[in-house]
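Here are my notes on this model. Please keep the structure open as you read.

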Amino acid sequence: MEEDKLLIREEIYKGNILHVYKDTIDLGDGLTAQREVVEHRGGVGIALEDSDGKYFIVRQWRYARQEETLEFPAGKKEEGEDSLTTAKREVQEETGYLGKDWKYLGKIYPTPAYDTEVIDLYYAKVDSFIGQHLDEDESVEVLRYDLQELTEEILKGNIPDAKTIAMVMYLKELKQRDQL
C-alpha cells in the first residue's frame, strides 16, 4: 500500500490539548484529497488492582459527551513527559493510591482515521494510600469492580469507553495466561 504524500498543511486551530490541521495530500496518479487531522500528545489508561482482585474505576462527567462515564483512571501526557510517569501521576491524582509492580499492557489508537492520539495502557497493583490530588476542574467518584463485573457493564452498554474496553480484554487474556 502506497503512503499518501503531504502537499499543503494549514493550521486551523492550536489549543492546549490539541491542534487541528487541514492537509492537502497527493494520493498518486494525479489525485489529491483533503484530510482533517487532530494532533494530540497522547495519554494513558491505568488498571489499578487491589488485593481483592478489584479494579479502581472512576465515574466522572465528560463534557464533550454530556454524560457521566465509567472508566479506568486516565489522563493526558504533559509536554515531554513519558507515559509511565504520566500513569503514576494520574492514578495517584484520581484514586489517591500509589501503584507498584507496573506492567505495560499495550497501546490503542482511539480514532486513527483523523487523530494522532496514542493511549498507552498500564497495569499496577495497589500500594499505599496518600490521598487524591485532583485538578481544580476535576471531580471523580472512585468505584471498584472485578473483571467479571466490568465485562457485564461493558456488555450492558454501561461502559462504552474504548480504553476501558480494551484494557478489560488485555487483563482477562493476561490473567488467563498467568501473565499478570
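1. A definition comes first. Ala, Val, Leu, Ile, Met, Phe, Trp, Tyr, Cys and Pro count as nonpolar. Asp, Glu, Lys and Arg count as charged. The others, Gly among them, count as polar. Keep in mind that this is a predicted model.

2. Now apply those classes. The lining of the largest pocket divides into 13 nonpolar, seven polar and 17 charged residues.

3. Next, the pocket itself. The largest pocket holds about 1,400 Å³ of space. It is lined by 37 residues. Closest to the pocket's centre are Arg62, Ala64, Glu71, Glu117 and Lys163.

4. Which helix or strand gives the most to this lining? Helix 1 does, with four residues. At least two lining residues each come from strand 3, strand 4 (43-49), strand 5 (55-62), strand 6 (67-71), strand 7 (74-76), helix 1 (83-95) and helix 3 (162-176).

5. Turn to the sheet. Strands of a sheet pair through backbone hydrogen bonds, either parallel or antiparallel. Here, three strands form an open sheet in the order 1-2-3, and the pairing is antiparallel. Strand 1 (5-14) and strand 3 (31-40) are the edge strands, each pairing on one side only. On average, neighbouring strands of this sheet are turned by 20° against each other, direction ignored.

6. Look at one pairing in detail. Strand 2 (residues 18-28) and strand 3 are joined over 10 bridges, in the antiparallel sense. Which residue in strand 3 is the bridge partner of Tyr21? That partner is Val37.

7. Strand 3 links both topics. Strand 3 is an edge strand of the sheet, and strand 3 also supplies at least two residues of the pocket lining.

Technical notes
Residues numbered from 1 in each chain as written. Predicted model: local features only at pLDDT ≥ 70, side-chain atom pairs only at ≥ 80, totals over all residues. Heavy atoms only, no water. Pairing = 2+ DSSP bridges. Axes fitted to C-alpha atoms, helices over the stretch in contact; angles between N-to-C directions. 1 Å grid on protein atoms, 1.4 Å probe; cavity = no way out; pocket = protein on both sides within 12 Å on 5 of 7 lines; lining within 4 Å. Points joined across faces, edges and corners; volume = space filled by probe spheres on them.
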